[in-house]
Amino acid sequence: EKSDKNKLLNEIDKVRGMTVSGQKRASEVVDYAISSISALKSTGETKGFESLSSVLKTVMLEMGEELKPDSNTKLVKLGFPKLDEMLAGGLKPGSLNILAARPAMGKTALAINMAANVAATGKPVAIFSLEMSKQEVAKRFMSASMNRPLTQILYSHKMTSEDKREINSAVVKLSDFPVYIDDTSDINPVTMKSKLTRRSFVASSAAA
């Protein structure tokens with residue numbers, strides 16, 4: 001415990017020195033601080049080897065928690081029954097889930113539909129888009145809520161009364177979704193974590 005505190009103090013001193021020197025931007029210092037302190041926390045939580053019998057006891061306790069009637073409230077259902085079934089009820093807190101496929105296979109379309117399904121239940125969704133702008137992501141959400149893709153309407157340069165009705169309906173519906181989009185192209189995981197934990201995002205999510 002004393003060693004961990006000394007390491008923490010050393011990192012704080014480093015952060016202070018970087019800030020005072022003025023050689024790095026404030027955002028870079030913040031990224032370093034979050035990364036270094038998070039590393040200390042994960043190092044302190046590492047237990048190393050553990051016997052199978054001990055791990056099995058933990059598994060049994062976790063299974064008991066998952067079988068409780070209110071356990072589903074902690075899961076995030078994606079709105080696709082078969083997929084949710086494969087994931088044992090949906091996404092679990094603290095898990096990392098990767099959606100991967102070849103180019104032009106519909107990854108973004110599927111992810112947008114998942115996000116829309118989650119947001120429709122009132123759960124906040126954060127989207128970091130490194131390639132598409134916020135406006136392009138918003139158009140994808142609109143297309144997912146319409147019978148005809150928005151790109152087809154824009155490409156044809158023709159909008160029927162039905163198209164106009166669907167667009168207005170999609171905008172009204174999506175405006176209530178607690179979805180937050182960040183299209184910073186040079187973002188990294190440390191900055192993502194920082195943005196997700198900022199009070200402004202938490203407050204707006206809670207309000208939504």
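Predicted model: local features only at pLDDT ≥ 70, side-chain atom pairs only at ≥ 80, totals over all residues.
Residues are numbered from 1 along each chain as its sequence is written, and side-chain values use heavy atoms, with hydrogens and water left out.

**Salt bridges**

Side chains of opposite charge can pair when their charged atoms come close. Counting a side-chain nitrogen of Lys or Arg within 4 Å of a carboxyl oxygen of Asp or Glu, the model has four salt bridges. Among them are these:

| Pair | N to O distance |
|---|---|
| Lys14 and Glu11 | 3.8 Å |
| Arg148 and Asp163 | 2.7 Å |
| Asp182 and Lys195 | 2.6 Å |

Asp182 belongs to strand β2 (residues 179-182) and Lys195 to helix α9 (residues 189-197), so this pair ties together parts 13 residues apart in sequence. Lys14 and Glu11 both sit in helix α1 (residues 2-21), three residues apart. Helices (H or I, at least four residues) and strands (E, at least two) are DSSP runs, numbered from the N terminus.

Glu11 is buried at 13% relative accessibility, and Lys14 is partly exposed at 45%. Here buried means under 20% relative accessible area, exposed over 50%, and partly exposed in between (1.4 Å probe, protein chains only).

**Helix contact**

Residues of α5 that meet α6 include Ile112, and those of α6 include Phe141; contact means heavy atoms within 4.5 Å.
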